[in-house]
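Please read them with the structure open beside you.

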Amino acid sequence: MSNIHSSGLKARSSLLARLLTLPIRHFQQAVGSLGNLWRTPFTTVMTIFVLGISLALPATLHLFVKNAEQVSEQWDSASQITLFLKLSTSEKSAQNLIKRISLYNDVAEVRYISAKQALKEFKILSGFGQSLEYLDKNPLPATLLVTPTQRASQAQAANALLAKLSKEREVEQGKLDLEWLTRLEAMARLIEDIVLGVALLLCLSVVLIVGNTIRLAILNERDAIAIMKLVGATDSFIQRPFLYSGIWYGIFGGILSCIAVTLLAWYLGYAISDLSELYQSNFQLQGLSGSEALMLIGFAVVLALVGSYISVSQHIKAIEPNAD
Amino acid sequence: MINFNKVNKTYPGGFLALKQVSFSLESGEMAFLTGHSGAGKSTLLKLISLMEKPSSGSIQVNHTELSDIQYKQVPYVRRGIGMIFQSHNLLKDRTVFDNVALPLIIEGVSHSEIKKRVATALDKVHLSAKLKCYPHMLSGGEQQRVGIARAIVNKPPILLADEPTGNLDPKLSLDIISLFEEFNAAGVTVLIATHDLGLIARMKYRTLTLKEGTMINDGIVDGLQAQGRYDEQYS
């Protein structure tokens, strides 16, 4: 007996021993919480499906934006600036101007179309080939096609570049189809805002769904929690299995949403390929990359953890042991 | 070890459960707490185990002042008190081993140490053979002994028992009380709340008697006194 209650003083494990057992305890509680989910299969599967579908929607919208960006990259030439040079500009001056413009930070590429080349193209495209031969001299100016860098492709930056280029003394006139570009950008912004709004609402729903599921689990374990408190369990000890449950929900919900988005992209991929072939485009629908899938799962875990943390911090403190 | 100094406890609604209660229980002492239903026995135990806070007065347990204790400190104080209840308070979905091991798991004791200490505690209450049983597979007396094993497994300096023999026959009641005597002999402070005056009379330990929240007697009660007090209380 005496070695059980040595002088009535409580023997405590050393701090080092407790630190060493901490990761083992965490592992046991994580596995134990997985076992708890396994023991309530219907609730678990339903919750995971709701989470998976909730996360699949913003992930699908993300894919839409990603693919739309890919398409818009192919339209970058839309922000190309056309510089019509003065008729008096010599070939040498034009070459000097090209060199100067190429040094601009916002310029990715400069293409020169000489007056002669322009006339040749005009003859072919306009159908006035024969008539144009009666002209005394070439009425078309030499032209520079300036492609801005990706950074300078947005409406405001492209407009600023146009103003700068138009000031060059060899330039007669500069042109940029800004209205079209502005509309495209406004549409892209609107879509991005809608995606963000919908994503935020769905993320909030994930937090609430997990929070409510954990709340019900806590209420189900009310008596056991009270007993644990009675024998000296801290709130953080009691919270841990519920937080791990939240993490599991996040992992499985995230994996399910990845599968759902991948299946959807695979299904739509065929239809989009057929459509793009009709437009002589080689556009291919892009699915989730490996890193995006991992990010989606990680994001799901964070959301589920936030939901479960809110729930445990609200409800576990409220449960107090009763001697009756 | 346990010091009450002019403790009052008023529940919401104005019910005065304890009035100016003062007593001191020294380290290694064993005592009974008695009184009729509603006298304040359970309230007194709840105050010691921090399930309730006093309305006024001072309570010291293991040299810790409980009246102004922080919420975060409560679990650590409870680890120094073994608690036993009439309703056993066992986790129904866990085995006897898991139930008894719970205080040690909470403290972060290593698995090998847990196995050793649970085996020793179950041996003390003669339940070594029931290690893998679930509570519903045990009799009332066995469940009570599991509760006792859980209360002593982390070697607390104080044991509190609220009607530990309430649902047991006289023979089992004596077995349970003799277990408490064993722990007390090893230096544990034991406080047992009971209204079984026959049991108190047989044991001849210090007895704290409560009536309507007031401490009316503090001393050893013999058989005749016990009978007299029984008549007084229940007539």
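1. Chain A is built from ten helices and four strands, and, read from the N terminus, these elements follow the order α-α-β-α-β-α-α-β-α-β-α-α-α-α. Please keep in mind throughout that this is a predicted model, so that every value below is computed from predicted coordinates.

2. The domain assignment divides chain A into domain 1, which is made of two stretches, 23-73 and 184-315, and domain 2, which covers 81-175. Taken over C-alpha atoms, the centres of domain 1 of chain A and domain 2 of chain A are 52 Å apart.

3. If one takes the contacts in chain A between residues at least 6 apart in sequence, 85% of them join residues that are at least 24 apart.

4. The largest nonpolar core holds 104 residues, and the members that touch the most other members are Leu33(B), Ile48(B), Val100(B), Ala149(B), Leu159(B), Leu160(B) and Phe180(B). The element that gives the most to this core is helix 9 (residues 235-278) of chain A, which supplies ten residues. Apart from this core lies another one, of 13 residues, which includes Leu83(A), Leu97(A), Ile101(A) and Ala142(A).

5. Asn89(B) is not a glycine, yet it has a positive phi of about 50 degrees. This residue lies in the loop of chain B between strand 6 (81-85) and helix 3 (96-107). Is Asn89(B) buried or exposed? Asn89(B) counts as buried because it has 23 C-beta neighbours inside 10 Å, where 20 or more are required.

6. His126(B), also a residue other than glycine, has a positive phi, near 60 degrees. In chain B, His126(B) is placed in the loop between helix 4 (111-124) and helix 5 (140-152). With 13 other C-beta atoms within 10 Å, His126(B) is partly exposed, because a residue is classed as exposed at 12 or fewer and as buried at 20 or more.

Key
Residues are numbered from 1 along each chain as its sequence is written. Chains are lettered from A and ligands numbered from 1 in the order in which they are written. This is a predicted model: local features need pLDDT of at least 70, side-chain atom pairs count only at pLDDT 80 or more; totals for chains, interfaces and linings use all residues. A nonpolar core is a set of buried Ala, Val, Leu, Ile, Met, Phe, Trp, Tyr and Cys residues joined through C-beta atoms within 7 Å. Helices (H or I, at least four residues) and strands (E, at least two) are DSSP runs, numbered from the N terminus. Two residues are in contact if their C-beta atoms, placed from the backbone, lie within 7 Å. Domain bounds come from an automatic or database domain assignment.
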